[in-house]
Amino acid sequence: MESLKDLSIYNSLTGEKARFEPLHAGKVGMYVCGPTLYSEPHMGNMRTFINFDLIYRYLLKLGYNVKYVRNITDAGHITNSAGEAVDSIGKAARLEQVQSLEIVYKYNVKFQELNRIYNLLPPSIEPTATGHIQEQIEIIEQIIKNGFAYAVNGSVYFDVRAYSEKFEYGILSGRKVDELAEETRDLNAQDEKRFFADFALWKKANPEDMQIWRSPWGDGNPGWHIECTAMSTKYLGSEFDIHGGGMDLKFPHHEDEIAQNCGSLGCNPARIWMHANMLNVNGQKMSKSLGNYFLPKEIVEGTTDVFEKAYAPEVIRFCMMQAHYRSTLDFTSDSLNAAEKGFTRLQDAVSKLDHLPTTNENTTPEVSALIPSFYQSMNDDFNAPKLIANLFEAAKMIFAIEDGKAFISKNDLDELRKEMHSFLFDVLGIRMEKAAGASDEALNAAMDLVLEMRKTARENKDWGTSDKIRDRLTEAGIIVKDGKDGASWTVK
Ligand code: AMP
Ligand code: ZN
């Protein structure tokens with residue numbers, strides 16, 4: 001069974017897959033860049049967190065003692081797509097006329113609710129940037145002391161040229177320093193920086209800033225990248241196993257984290273850098289600034305214009321798992337409808353595991369091959385789509401056993417039931433009991449009747465009854481959505 005635990009991981013730093021050897025036997029330290037909570041996370045953000053939830057879950061399944069740190073960005077100036085450093089939390093706070101941390105708190109409540117809806121395990125700790133200002137200041141002081149940063153006019157910048165004499169800047173993204181001119185411009189700091197690729201570690205306060213801290217360089221606030229260096233070092237040490245985030249964080253955020261860690265502590269923080277790919281909309285990255293986003297709750301409630309009906313969160317998560325974390329994914333009605341169908345088939349097969357006939361003879365070889373295939377797929381750089389194909393193969397074999405065309409011994413059936421449950425519920429994080437499926441026949445029949453009565457009420461223009469039925473169902477956790485082809489429903 002030990003060979004079943006031979007995990008390989010693709011490392012963005014080397015561009016290769018390699019056998020995973022933790023720094024400390026039996027333990028894994030993993031840091032993932034969390035959300036910037038100036039607004040409600042969109043479905044794309046959630047895809048990245050769901051992918052790292054899958055990775056966390058499989059490491060736990062393999063028996064590792066995992067310390068999983070996912071931060072919350074609640075301070076600092078984030079570089080926008082135009083290359084400017086923007087205080088997005090302060091901007092939202094000014095707009096809503098509240099304080100910055102009220103904004104963060106409001107959206108953190110929503111984020112935590114989404115984590116529950118989409119069945120993400122809580123990380124070991126979710127530290128905040130504002131809770132670690134002192135640690136950030138200390139690291140900046142160390143970088144200055146080592147000669148890789150300079151203070152100017154109340155701000156501090158990382159000195160990319162000085163750093164490049166000793167270390168390789170661009171080691172993760174592969175970008176050469178002299179090719180960075182367009183991507184690293186920070187319009188507010190052009191005349192302060194010695195070199196265009198230098199980036200802010202500390203920013204002097206602007207008069208409109210809502211969050212300001214004291215520092216050896218005057219009042220101000222931290223640059224964006226330094227919080228992750230401070231928090232990963234504090235909770236996982238100067239060197240740990242895995243650092244993750246969305247693909248779009250590779251440069252400049254992760255590149256600059258490496259530079260900060262090398263510049264202060266002399267080493268790259270993580271052995272393995274993992275990057276989850278984007279959720280796209282019509283081939284384009286889903287993003288707030290492009291306006292092509294929908295919210296994770298809208299798709300569950302059926303209130304987005306993009307889809308004609310609501311989908312259960314289990315189906316959405318299942319659909320996500322059918323794309324590898326390093327591939328892009330485009331959510332369409334077709335892919336979600338196909339996921340819904342596949343999900344029902346698997347649900348049906350899993351429910352049959354409790355009363356399958358067993359044999360005293362040998363188990364059919366194809367059936368014996370199923371459990372090793374689950375591990376092999378996930379050991380191949382967390383290949384969830386391959387695992388799902390294996391689970392469909394298992395469903396096929398379950399139906400064959402039921403029809404007497406394949407055989408399974410009692411022991412093998414116990415093992416198959418245990419591992420199918422574990423891979424579906426614990427690893428893929430798919431709750432089977434909630435979404436509509438073959439085992440919910442009674443509920444389906446009752447809902448057909450209720451919706452039929454509502455339809456009659458609507459035809460008679462009895463809006464009171466029609467609304468009452470919908471509202472009472474909503475209270476009971478059943479969302480009804482009216483579409484072109486009549487009403488559809490889903491369990492919240
Ligand atoms: P932010 O709140 O903007 O810092 O983003 C939080 C996380 O979501 C980061 O790891 C981003 O890389 C990730 N992210 C942003 N947009 C997308 C997208 N369209 N698809 C997948 N992940 C995304
Ligand atoms: Zn980060």
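The buried residues of helix α4 pack against β7 (149-152), β8 (155-158), β9 (199-204), β10 (220-222), α6 (226-236) and α7 (250-265), where packing is a matter of contact, meaning heavy atoms within 4.5 Å. Before I go on, please keep in mind that this is a predicted model, in which local features need pLDDT of at least 70 and side-chain atom pairs count only at pLDDT 80 or more, while totals for chains, interfaces and linings use all residues. Residues are numbered from 1 along each chain as its sequence is written, chains are lettered from A and ligands numbered from 1 in the order in which they are written, and side-chain values use heavy atoms, with hydrogens and water left out.

Let me stay with α4. Helices (H or I, at least four residues) and strands (E, at least two) are DSSP runs, numbered from the N terminus. The expected span of a helix is 1.5 Å times one less than its number of residues, and for the 13 residues of α4 (residues 133-145) this gives 18 Å, which agrees with the 18 Å between its end C-alpha atoms. Which residues of α4 are buried? They are Ile133, Gln136, Ile137, Ile139, Ile140 and Ile143, with buried taken as under 20% relative accessible area, exposed as over 50% and partly exposed as in between, using a 1.4 Å probe and protein chains only. Seen down the axis of α4, these buried residues fall within an arc of 165 degrees, so they line one face of the helix; the arc is that of the directions from the helix axis to the C-beta atoms. An α-helix has 3.6 residues a turn, so residues three or four places apart point the same way. After α4 comes glycine 147, with a positive phi near 85 degrees.

Cysteine 228 sits in helix α6 and histidine 253 in helix α7, so the pair ties together parts that are 25 residues apart in sequence. Cysteine 228 counts as buried at 2% relative accessibility, and histidine 253 is buried as well, with a relative accessible area of 1%.

Helix α7 also holds proline 252, and the peptide bond from phenylalanine 251 to proline 252 is cis, with omega near 0 degrees. Most residues other than glycine have a negative phi, and most peptide bonds are trans.

From there I turn to serine 173, which lies in the loop between α5 (160-166) and β9. Leaving aside neighbours within four places in sequence, serine 173 is in contact with Phe251 and Glu255. Serine 173 and glutamate 255 are 82 residues apart in sequence, yet 6.7 Å apart in space from C-alpha to C-alpha. Their side chains are joined by a polar contact of 2.6 Å, a polar contact being a pair of N or O atoms within 3.5 Å, where within protein one must be able to donate a hydrogen and the other to accept it, and residues adjacent in sequence count only if both atoms are side-chain atoms.

What surrounds ligand 1? There are 15 such residues, and the closest are Gly44, Thr48, Asp248, Leu279 and Met286, a residue being near if one of its heavy atoms lies within 4 Å. A polar side-chain atom of aspartate 248 is 2.3 Å from an oxygen atom of ligand 1, a polar backbone atom of threonine 36 is 3.0 Å from an oxygen atom of the ligand, and a backbone N or O atom of leucine 279 is 2.7 Å from a nitrogen atom of the ligand.

Finally, two asparagines. Asparagine 282, in the loop between β13 (279-281) and β14 (284-285), has a positive phi of about 50 degrees although it is not a glycine, and is exposed, with a relative accessible area of 75%. Asparagine 292, by contrast, is buried at 16% and lies in the loop between β14 and α8 (296-301). A polar atom of the side chain of asparagine 292 lies 2.9 Å from the backbone nitrogen of serine 287.
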